[in-house]
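I opened a notebook for a structure that was new to me. These are my entries, in the order I looked things up.

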Amino acid sequence: MPIMEPYRIKVVEPIPITTPEDRRRWLAATGYNQFSLRSEQVTIDLLTDSGTGALSAAQQAAAASADETYAGARSFYRFREVVSDLTGYRHILPVHQGRAAERILFSAVLRQGMISVSNTHFDTTRANVELLGCQALDLPCAEAADLDSAEPFKGNIDLARLHAVLSGPERSRVGQVLMTITNNGGGGQPVSMANIEAASRLCRQYGVPFFLDAARFAENAWWVTQREPGYAEMTPRQVAQRAFALADGCVASLKKDGIVHMGGLVAVNDPVLAEHCEMLCTATEGFRTYGGLAGRDLEMLAQGLIEVTDERYLRSRADATGYLGELAKSAGVSIVEPAGIHAIYLNAKRLLPHLTPGQFPGHALACELYLQGGIRCVELGSLYLGTLDDRGELLSGPPFELVRLAVPRRVYTQSHLEYVGEVLESIAKHPERVPGYRMTHVPKLLRHFNCRLEQMT
């Protein structure tokens, strides 16, 4: 049983209850791509935790008092004050979401042919690097390769490999090191403070800018207080502040740990870099005091960034996701251990051994969750990470076939999670019945958003 949620529900929204026949028809019409489903066709939506959380009463109240002035709105100054206290960075730019922050910062830092090094670049992060003609290089730690181990910080970067890159023949090509906390592409696993500190020292030694992808900074800080020696007496906010102090700046989608529906930021210390970022922001997002956001967004962000480091909230969230992980394992479905905080990751390869990587077992399991229970989620396997030819045939696949169940913040109750567990149990009773899939439309970039597939018979 998860710990009691530290809030009560004041507004409710009906969720769709659909039939198996409807779900089969709807999913086939999308080309078996859950990104193309309409929201009213989904019963439990675990596609993403980005922008899907529930607002608090305090956030709604803050929105009502927002200043919508174009330049110099007081809502911006409240936002800047909260972010400055949290991060310590001198130059802060609001933007409409994380991928805009990535585009702006990377455009200011990287030049064609450069390398961006990370523990793991996620999808839009990698796309923004590659659109600049640069290479995204992932250096996950060795512990991340063992999905079943209970290692506490499997989101870490491999420090030995990082040192080899920074000191090796490609040194001059390295434009930045980006530490993603928590490591979403690596199974939602946290990064230790020791790892952040060591990576920061290496970057300073070799004169390479070191940034955080801080979309889930508070959730990472929570695991540090729970798992890393020397941090048990610190609050999550204090841990987060220390992490930000180790970097030259950050990008963040605040649709995660800002607990809002829209918003992000670029924050740096270097005034020259800040001026370049501001120019790009003004040209493509909006003036520096609104960055493509309404005043009400800035007010809700400021309040959300205060609420997100509350220990009761973080404990409840970690407990609920851990409970979902236990339900999955009780149903006979392995997960990436230990369970994360924003999501659990199902081991589709182990559950569906009859499907080859070229039949996209992760996507097959994600489709089956929808077909059997109206549950929307996304795979992180051969469809997303594999190398495909122009016909959609798999040339080389990733080491794992995972399915991410991302839990929105303050949205679903214990009974909703138990329903997901029941659907998983139903699938696990007859996994051999789950069909494979083949590609029928293969986009050139970010294919998982727009591809089309068909079932294999």
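The entries below go from the ground rules to the domain, the strands, a helix, the cores, the rings and the backbone.

**Ground rules.** I am reading a predicted model, in which local features need pLDDT of at least 70 and side-chain atom pairs count only at pLDDT 80 or more, while totals for chains, interfaces and linings use all residues. I number residues from 1 along each chain as its sequence is written, and my side-chain values use heavy atoms, with hydrogens and water left out.

I looked up the UniProt record, an unreviewed entry, and it lists residues 45-420 as "domain: Aromatic amino acid beta-eliminating lyase/threonine aldolase". I note that such annotations may be inferred rather than shown by experiment. Over residues 45-420 I read 44% helix and 15% strand, with the end C-alpha atoms 10 Å apart. Helices (H or I, at least four residues) and strands (E, at least two) are DSSP runs, numbered from the N terminus.

**Strand β14.** I checked residues 402-406 and found five of five buried. Buried means under 20% relative accessible area, exposed over 50%, and partly exposed in between, with a 1.4 Å probe and protein chains only. L402, R404 and A406 lie on one side of β14, and V403 and L405 on the other. I then looked for its partners, where pairing requires that DSSP finds at least two bridges between two strands. Strand β9 (residues 343-347) runs antiparallel to β14 and is joined to it by five bridges; A343 has A406 as its bridge partner. Strand β11 (residues 378-380) also pairs with β14 in the antiparallel sense, over three bridges, and there E379 stands opposite V403.

**Helix α2.** Which residues of α2 are buried? In this helix, residues 57-64, I found Q59, A62 and A63. They fall within an arc of 100° seen down the axis, so they line one face of the helix; the arc is taken from the directions from the helix axis to the C-beta atoms. The cover over them includes α3 (74-87) and α12 (295-307), counting contact as heavy atoms within 4.5 Å.

**Cores.** I define a nonpolar core as a set of buried Ala, Val, Leu, Ile, Met, Phe, Trp, Tyr and Cys residues joined through side-chain atoms within 4.5 Å. The largest has 63 residues, and L212 and F217 have the most contacts inside it. Leaving out residues up to four places away in sequence, I list among the contacts of L212 the residues L178, I181, F244 and V251. A second, separate core of 49 residues includes W26, V42, A320 and V423.

**Rings.** Rings of Phe, Tyr and Trp (its six-membered ring) pair if their centres lie within 6.5 Å; planes under 30 degrees apart count as stacked, over 60 as edge-to-face and the rest as tilted. By this rule I count eight aromatic pairs. F35 and F449 are edge-to-face, 4.8 Å centre to centre with 80° between the planes. F35 is partly exposed at 29% relative accessible area, and F449 is partly exposed at 21%. I also noted a cluster of Y70, F287 and Y290, linked by ring pairs.

**Backbone.** I found a cis peptide bond from I181 to T182, with omega near -15°, and another cis bond from E337 to P338. R410 is not a glycine, yet its phi is positive, about 60°. R410 is buried at 18% relative accessible area. Its C-alpha atom is 9.6 Å from that of R8, a residue that is exposed at 77%.
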